[in-house]
Amino acid sequence: MPEDRSIGPPHVTDILRDAGLIDIEWFRAFDLDRGSALRKATELLDLNDLDWSSVDPAILGRLRSYQKFKDEVRPEILAIEEKVVNVTYHYQGKLDRRARIKGRECIIDLKGPSEAAWNGVQLAAYAACFPRPLGRYNLYLSDERYRLVERKERMDWEVFKAAITIAAWRQKHDR
């Protein structure tokens with residue numbers, strides 16, 4: 001059952017979309033469905049409950065890339081699909097993974113193969129929901145490989161705070 005996004009504070013990705021940082025016009029239903037299926041399959045893999053014979057061929061290559069990431073990087077998965085809230089700035093989100101990599105606690109956000117400028121901003125928003133500093137990583141998965149990108153740009157958090165203001169202004173003025 002899909003999550004009711006009208007409950008509680010706005011979601012990180014909705015704020016980024018409403019501020020004009022995410023253009024969802026080019027997202028196709030196939031891509032969204034594939035992303036959902038991949039997130040579920042990676043969750044089952046992390047829980048050691050995946051039946052590889054049941055994996056949809058449309059996500060098999062990316063799932064194998066995720067397995068390769070796990071084999072090579074060896075993250076300690078601390079939480080899967082964790083809901084987070086920032087009370088001060090009044091927003092919420094859902095982390096793909098909270099993990100420990102090389103002894104450092106971090107957030108990992110799973111993405112398809114294409115990188116977008118707003119990816120680091122999204123992670124900064126999630127990280128700001130915690131009272132301690134966390135590493136921030138995007139894990140880009142393609143059929144052929146994975147790419148783990150650490151986000152260190154300090155400006156990402158400033159951009160997100162500006163996005164909160166812009167999204168609220170646009171909502172107020174119906175833009």
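Trainee: How many residues lie between β4 and β5 in their hairpin?

Mentor: In this predicted model, β4 and β5 form a hairpin with 4 residues between them.

Trainee: In which sense do those two strands run, and how many bridges join them?

Mentor: Strand β4 covers residues 135-141 and strand β5 residues 146-150. The two run antiparallel and are joined by 5 bridges.

Trainee: Which residue of β5 stands opposite Leu139?

Mentor: Leu148 in β5 is opposite Leu139.

Trainee: What about β1 and β2, how many bridges do they have?

Mentor: Strands β1 and β2 pair in the antiparallel sense, over 9 bridges. Within that pairing, Ile77 stands opposite Ala99 in β2.

Trainee: Which residue in the hairpin of β1 and β2 takes a positive phi?

Mentor: His90 does, with a phi near 55°. That hairpin has 4 residues between the strands.

Trainee: And how is β2 joined to β3?

Mentor: Strands β2 and β3 run antiparallel, with 5 bridges between them. Ile101 has Arg104 in β3 as its bridge partner. The hairpin of β2 and β3 has 2 residues between the strands, and there Lys102 takes a positive phi near 50°.

Trainee: How many residues of β2 are buried?

Mentor: The count is 9 of the 11 residues, so β2 is largely enclosed by the rest of the structure.

Trainee: Let us turn to the helices. What is the reach of α2 from its first C-alpha to its last?

Mentor: Helix α2, residues 29-46, reaches 26 Å over its 18 residues. That is close to the 26 Å expected at 1.5 Å a residue.

Trainee: Which residues of α2 are buried?

Mentor: They are Arg34, Leu38, Ala41, Thr42, Leu45 and Asp46. Viewed down the axis of α2, these buried residues fall within an arc of 135°, so they line one face of the helix. On the other side of α2, Ala29 and Asp33 are exposed.

Trainee: What do the buried residues of α2 pack against?

Mentor: They pack against α3 (57-73) and against the strands β1 (76-86), β2 (91-101), β3 (104-111) and β4. Just after α2, Asn48 takes a positive phi of about 55°.

Trainee: Asp46 has a charged side chain partner, I gather. Which residue forms a salt bridge with Asp46?

Mentor: Lys70 does, and the closest N and O atoms are 2.8 Å apart. Lys70 lies in helix α3 and Asp46 in helix α2, so the pair ties together parts that are 24 residues apart in sequence.

Trainee: Are Lys70 and Asp46 buried or exposed?

Mentor: Both Lys70 and Asp46 are buried.

Trainee: How many salt bridges does the structure hold?

Mentor: It holds 18 salt bridges. One of them joins the side chains of Glu115 and Arg151, at 3.1 Å from N to O. This pair links distant parts of the chain, 36 residues apart: Glu115 is in the loop between β3 and α4 (119-127), and Arg151 is in the loop between β5 and α5 (155-172).

Trainee: How accessible are Glu115 and Arg151?

Mentor: Glu115 is partly exposed, with a relative accessible area of 41%. Arg151 is buried, with a relative accessible area of 16%.

Trainee: Which side chain meets Asp156 in a salt bridge?

Mentor: The side chain of Arg136 does, at 3.2 Å from N to O. Asp156 lies in helix α5 and Arg136 in strand β4, so the pair ties together parts that are 20 residues apart in sequence. Asp156 counts as buried at 10% relative accessibility, and Arg136 is buried with a relative accessible area of 9%. Elsewhere, salt bridges that share partners join Glu82, Arg98, Glu105 and Arg132 into one network.

Trainee: Now the rings. How many aromatic pairs does a search of the whole structure find?

Mentor: The search finds 5 aromatic pairs. In one of them, Phe69 and Tyr146 have ring centres 5.6 Å apart and planes at 70°, so the pair is edge-to-face. Phe69 lies in helix α3 and Tyr146 in strand β5, so the pair ties together parts that are 77 residues apart in sequence. Phe69 and Tyr146 are buried.

Trainee: What is the geometry of the pair formed by Tyr91 and Phe160?

Mentor: That aromatic pair is edge-to-face, with 4.9 Å centre to centre and 70° between the planes. Tyr91 lies in strand β2 and Phe160 in helix α5, so the pair ties together parts that are 69 residues apart in sequence. Both Tyr91 and Phe160 are buried. Ring pairs also link Tyr89, Tyr91, Trp157 and Phe160 into a cluster.

Methods: Residues are numbered from 1 along each chain as its sequence is written. This is a predicted model: local features need pLDDT of at least 70, side-chain atom pairs count only at pLDDT 80 or more; totals for chains, interfaces and linings use all residues. Side-chain values use heavy atoms; hydrogens and water are left out. Two strands pair if DSSP finds at least two bridges between them. The expected span of a helix is 1.5 Å times one less than its number of residues. Buried means under 20% relative accessible area, exposed over 50%, partly exposed in between (1.4 Å probe, protein chains only). The arc is that of the directions from the helix axis to the C-beta atoms. Contact means heavy atoms within 4.5 Å. A salt bridge is a side-chain nitrogen of Lys or Arg within 4 Å of a carboxyl oxygen of Asp or Glu. Rings of Phe, Tyr and Trp (its six-membered ring) pair if their centres lie within 6.5 Å; planes under 30 degrees apart count as stacked, over 60 as edge-to-face and the rest as tilted.
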